[in-house]
Amino acid sequence: FQRLKAGLSRSSNAISDGIVSVFTKRKLDADTLEDFEDVLIQADLGLTTAAAITEALKKGRFGKEIEGDEVRAVLAEEVSKVLAPVAKPLVIDPARKPHVVLVVGVNGTGKTTTIGKLASKLRADGRSVMLAAGDTFRAAAVEQLKIWGQRTGAAVVARSIGADAAGLAFDALKEAQANGTDVLMIDTAGRLQNRTELMAELEKVIRVIKKQDPTAPHSVLLTLDATTGQNALQQVEIFGRVAGVTGLVMTKLDGTARGGILVAIAAKYGLPIHFIGVGEGINDLEPFAADDFARAIAG
Ligand code: GDP
């Protein structure tokens with residue numbers, strides 16, 4: 001929690017400073033409420049949520065003097081209400097051999113690292129894991145995945161650079177089925193520069209996987225970089241449409257994160273949030289906890 005709190009300090013400090021400047025020795029009136037709402041919007045919480053929180057604060061307190069701590073408590077409670085319904089663990093279906101997890105997201109958001117961390121967790125639970133190096137455009141991504149494979153004892157299926165990602169995914173799934181592997185995680189390319197090509201490739205990967213197992217992919221995880229703020233909304237929109245995202249992982253919540261956007265995403269899309277990334281290390285992936293996140297962001 002302390003780490004998350006430190007990671008979210010950019011958001012929570014902005015909120016905290018905002019609360020102090022808005023409410024110090026001032027009554028809760030139309031002006032202070034408007035200023036408060038602006039603080040929340042600046043912190044990326046989204047218009048709808050900012051309005052709802054402001055309304056909750058107003059209720060029963062209008063015209064009265066109010067302390068910063070009370071504002072923070074209301075804020076934490078309201079944010080928690082938004083986040084609690086989407087804080088859901090990633091469920092691996094033991095009946096699937098393998099349960100196929102497709103990992104999508106813009107380059108640099110932490111796909112490969114998240115796959116490595118998740119592989120470590122699954123291995124610790126006694127599951128057999130295979131990783132498919134589906135970002136066939138970047139040598140570094142393939143190399144990184146191989147290293148994660150060695151670290152975690154997961155098998156890695158990789159091809160030469162420029163190989164067809166869909167073909168690789170297909171072969172990996174066939175091999176995982178033949179071996180009775182529990183979980184197959186497929187890394188993908190995330191070059192947003194050429195969106196049409198990228199989306200066509202993702203669609204093809206999914207189509208080809210379905211040929212081998214019509215129920216797959218069983219989970220489609222989207223990684224979002226907490227430091228990028230508002231861009232994350234658009235990424236949820238795009239990848240949601242093309243890849244049918246089933247859950248989110250927000251990474252880099254240890255740095256100078258702008259985690260407020262997660263609240264806006266939760267309110268707008270209602271997609272499950274499974275994990276948060278709080279560092280580059282193998283153990284730096286934590287289940288998403290709505291209350292902790294809400295308390296950390298409220299400062
Ligand atoms: P990909 O291009 O989406 O596969 O992204 P990578 O997994 O290669 O990650 C990009 C960079 O972000 C790497 O330097 C990772 O070590 C780093 N990274 C990933 N997740 C986290 C996180 O939760 N916290 C921090 N601080 N860095 C992270």
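Analyst: A residue is buried under 20% relative accessible area, exposed over 50% and partly exposed in between (1.4 Å probe, protein chains only). The model is predicted: local features need pLDDT of at least 70, side-chain atom pairs count only at pLDDT 80 or more, and totals for chains, interfaces and linings use all residues. Residues are numbered from 1 along each chain as its sequence is written, and side-chain values use heavy atoms, without hydrogens and water.

User: Is T114 buried or exposed?

Analyst: T114 belongs to helix α6, where a helix is a DSSP run (H or I, at least four residues) numbered from the N terminus. Its relative accessibility is 3%, so T114 is buried.

User: Which backbone oxygen does the side chain of T114 reach?

Analyst: The distance to look for is 2.6 Å. At that distance from the side chain of T114 is the backbone oxygen of G110.

User: Which helix gives the largest share of the shell around the ligand?

Analyst: The shell has 18 residues, with G108, T112, T113, D254 and E280 coming nearest. The largest share is four residues, and they come from the helix spanning residues 111-124. That helix is α6.

User: How far from an oxygen atom of the ligand is a polar side-chain atom of R138?

Analyst: For T109, a polar backbone atom is 3.4 Å from an oxygen atom of the ligand. For T112, a polar side-chain atom is 2.7 Å from a ligand oxygen. For R138, a polar side-chain atom lies from a ligand oxygen at 2.8 Å.

How values were computed
A residue is near a molecule or strand if one of its heavy atoms lies within 4 Å of it. A polar contact is a pair of N or O atoms within 3.5 Å; within protein, one must be able to donate a hydrogen and the other to accept it, and residues adjacent in sequence count only if both atoms are side-chain atoms. Helices (H or I, at least four residues) and strands (E, at least two) are DSSP runs, numbered from the N terminus.
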